[in-house]
Amino acid sequence: MSGSAALRSAMNETFHVVPTEDRLWHEEVADLCVCGPHVEFFPRGKVVVHHALDGRHGDDPAWARRRAHEVAREQALAEDLLL
Ligand SMILES: [Zn+2]
């Protein structure tokens, strides 16, 4: 997704989805966590989905993207998607 002027001026929030009780501490300050998180961009912000190192989602490669969209809807980052 390109960074248009409209996107830059919009409210830009970042939400992190971190696996509970994982083996390590996930870095939530930057996008550069050791787990190599999946970053999904939406009109009003982005969702950073961290990968559990215990492999609990290993059999579901689409999980991170799906979860990102769930969070975006919950946080109203992507109101267009509600239509
Ligand atoms: Zn992480």
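**View 1. The open sheet has 3 strands in the order 1-3-2, with mixed pairing.** Strand 1 and strand 2 lie at the edges with a single partner strand each, so one side of each has no neighbour in the sheet. On average, neighbouring strands of this sheet are turned by 15° against each other, direction ignored; axes are lines fitted to C-alpha atoms, for helices over the stretch in contact, and angles run from 0 to 180 degrees between N-to-C directions. The model is predicted: local features need pLDDT of at least 70, side-chain atom pairs count only at pLDDT 80 or more, and totals for chains, interfaces and linings use all residues. Residues are numbered from 1 along each chain as its sequence is written. Helices (H or I, at least four residues) and strands (E, at least two) are DSSP runs numbered from the N terminus, and the chain contains 2 helices and 3 strands.

**View 2. Strand 3 pairs with strand 1 in the parallel sense and with strand 2 in the antiparallel sense.** Two strands pair if DSSP finds at least two bridges between them. The pairing of strand 1 with strand 3 runs over 5 bridges; Glu 13 stands opposite Gly 45, and Phe 15 has Val 47 as its bridge partner. Strand 2 and strand 3 are likewise paired over 5 bridges, with Val 49 as the bridge partner of His 38. A hairpin through 2 residues connects strand 2 to strand 3.

**View 3. Strand 3 is largely enclosed by the rest of the structure, because 4 of its 5 residues are buried.** A residue is buried if 20 or more other C-beta atoms lie within 10 Å of its own, exposed if 12 or fewer, and partly exposed in between, with C-beta atoms placed from the backbone. In the chain of 83 residues, 17% count as buried.

**View 4. Helix 2 (residues 63-74) has buried residues at Ala 64, Ala 68, Val 71 and Ala 72.** These residues cover an arc of only 105° around the axis, which puts them on the same side of helix 2; the arc is that of the directions from the helix axis to the C-beta atoms. The buried residues of helix 2 pack against strand 1 (13-17), strand 2 (38-42) and strand 3 (45-49). Just after helix 2, Ala 76 adopts a positive phi of about 60°.

**View 5. Ala 68 is in contact with His 38, Glu 40, Val 47 and Val 49, leaving aside its neighbours within four places in sequence.** Two residues are in contact if their C-beta atoms, placed from the backbone, lie within 7 Å. Across the chain, 58% of the contacts with a separation of 6 or more join residues 24 or more positions apart.

**View 6. The largest nonpolar core comprises 9 residues: Phe 42, Val 47, Val 48, Val 49, Ala 64, Ala 68, Val 71, Ala 72 and Leu 77.** Helix 2 provides the largest share of this core, 4 residues, and strand 3 and helix 2 each supply at least two. A nonpolar core is a set of buried Ala, Val, Leu, Ile, Met, Phe, Trp, Tyr and Cys residues joined through C-beta atoms within 7 Å.

Methods: The expected span of a helix is 1.5 Å times one less than its number of residues.
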